[in-house]
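Please take a look at the structure below. A short report on it comes after.

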Amino acid sequence: MTEQRPASQPAPGSFLKAVSAVVWKDLQAEFRSRELFSAMLVFSLLIILIFNFALELDIKTRQSVTSGVLWATFAFAGTLGLNRSMAIEKDRGCMDGLLLAPVDRSAIYFGKVISNLAFMLVVEIIVLPVYSVLYGINLFQPGLLFVILLGSIGYAGVGTLLSAMSVQTRTRDILLPILLFPVVIPVILSAVKASGGYLEGLPFDEILSPLSLLIAYDIIFIAVAFMVFDNVVEE
Amino acid sequence: MRSKPLMLTILDVLSILVLGISTYLALFFAPTERVMGEVQRVFYFHIGTAWTALMGFILAAVFSIAYLVTKNLKWDRYQVAAIEVSLVFFFLTIVLGSIWARPAWNTWWTWDPRLTTAAVTELIYIAYFMLRQGIDDPERRARFGAVYALIGGLSAPVTFFAIRLFRTIHPVVIGGSNAEAQGGFAMTADMRVAFFFALFAFTIIFIDLYWNRIRLGELQDQVEQLKLKVTM
């Protein structure tokens, strides 16, 4: 660092730099261990396997429940990743190091959201073709991928905030799904509806309402999480 | 230790009184509804508890912002009190609604937007208390509680609108009408008396319980501080 600036007036572009540093740190750590990714992936495949028996996914039911099965899988695998990614920060005292860094706290939030989102997306990108092959449904439709992206953004945005809280409590990882699931119901609901709409080939104006709700949720909740994140990490 | 304020004692007595009167009005004074019969009488308390619980949840979200801005633990006490009383009132709303739905809709429960949102809201605030239980430091507990109550308070109405994309069968008695709704009815003058009195009564009861709960919170804090003094 060449010069000291007051925290209220960061250098132009330094915010993005801080965000990308946090993202890069997470990705690199994950690239070396591959703990999180492999756990999430295997877990997702196991959930699909369980659904296969639980729902008797024959050709008729498959059509109507595919989007539900996918989102349940992403939601469960997502909590696994969120928990782990925050627990690592807490266990090895990395969080304190991050907080000491002379960057805006919200840069840490956005960095964590992006890396959590990246893990979710990578898992989803592998789960989709596997599901397509196993059940003979083509899931590679641009609209569906867009819905998955939007849903994952909302999920990771709220999940990152709540996991930062839950790792600091006594009950830790048990608490995250309990905190997260009731507040992400709008995401799951509209994502299931929108993906189901694409899979059934409904006209666009029938998919528009869940899609716009998804976008609205993403914007509102990421804005709120961005504003309150300071309160969650403050010591 | 401060003794109980006189106003609060008066409010306690008043609460019992208005509860009695409201019960009389709902059970005996109001005429029996023609189609649904006696079970419709559940409606007066159903709306009474629902209205106060929703006000409590809205208050809690406002206190979240107040706490996060001022960092005054007073707002935290107000918030816990509001959520705790509302949680019980809203649970009563759901139970009373279920009792009514059994004959009116022929089912205890249906995944209608209002019902689902009610269930999700209860779960959000139960999670709120589980979160608080896991934190020992009162200042951090207040901060996390405020953040979660804010997120939860925002997500509940969004959930409602999200589910509303599906159809609803819940009747709207006050304002608006829905052709698909089942079990709606028009209120007669006497029903209106019972209805508005129930709203009034439950507002009084809510305020009374709320005030008592805030006082309990203050006393709890005092006890904790005294305990710290003794051990030091």
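## Confidence

This is a predicted model. Chain A has an average pLDDT of 87. In that chain, 94% of the residues score at least 70.

Helix H6 of chain A has the highest confidence, with a mean of 94. Helix H4 (residues 94-100) of chain A has the lowest, at 83. Residues 1-5 of chain A fall below 50 in pLDDT. Beyond near neighbours in sequence, this stretch has 2 contacts in the model.

## Helices H2 and H3 of chain A

Helix H2 (residues 35-55) packs against helix H3 (residues 59-91), both in chain A. The angle is about 150°, and the axes are 9 Å apart. Angles over 145 degrees count as roughly antiparallel, so H2(A) and H3(A) are roughly antiparallel to each other. Their crossing is right-handed.

H2(A) brings residues including Leu36(A), Phe43(A), Ile47(A) and Phe51(A) to the contact. From H3(A) come, among them, Val65(A), Val69(A), Phe76(A), Leu80(A) and Arg84(A). By class, the contact has 14 nonpolar, 5 polar and 1 charged residues.

## Where chain A meets chain B

On chain A, 24 residues are in contact with 23 residues of chain B. Three elements of chain A give two or more residues to this side: helix H6 (142-166), helix H7 (175-199) and helix H8 (204-233). H7(A) gives the most, with 10 residues.

The side of chain A that touches chain B has 17 nonpolar residues, 5 polar and 2 charged.

Conventions. Residues numbered from 1 in each chain as written. Chains lettered and ligands numbered in written order. Predicted model: local features only at pLDDT ≥ 70, side-chain atom pairs only at ≥ 80, totals over all residues. Contact = placed C-beta atoms within 7 Å. Helix = DSSP H or I, 4+ residues; strand = E, 2+ residues; numbered from the N terminus. Nonpolar A, V, L, I, M, F, W, Y, C, P; charged D, E, K, R; others polar. Axes fitted to C-alpha atoms, helices over the stretch in contact; angles between N-to-C directions. Parallel < 35°, antiparallel > 145°, perpendicular 65-115°, else oblique. Left-handed = near helix turned anticlockwise from the far one by under 90°. pLDDT = per-residue confidence, 0-100.
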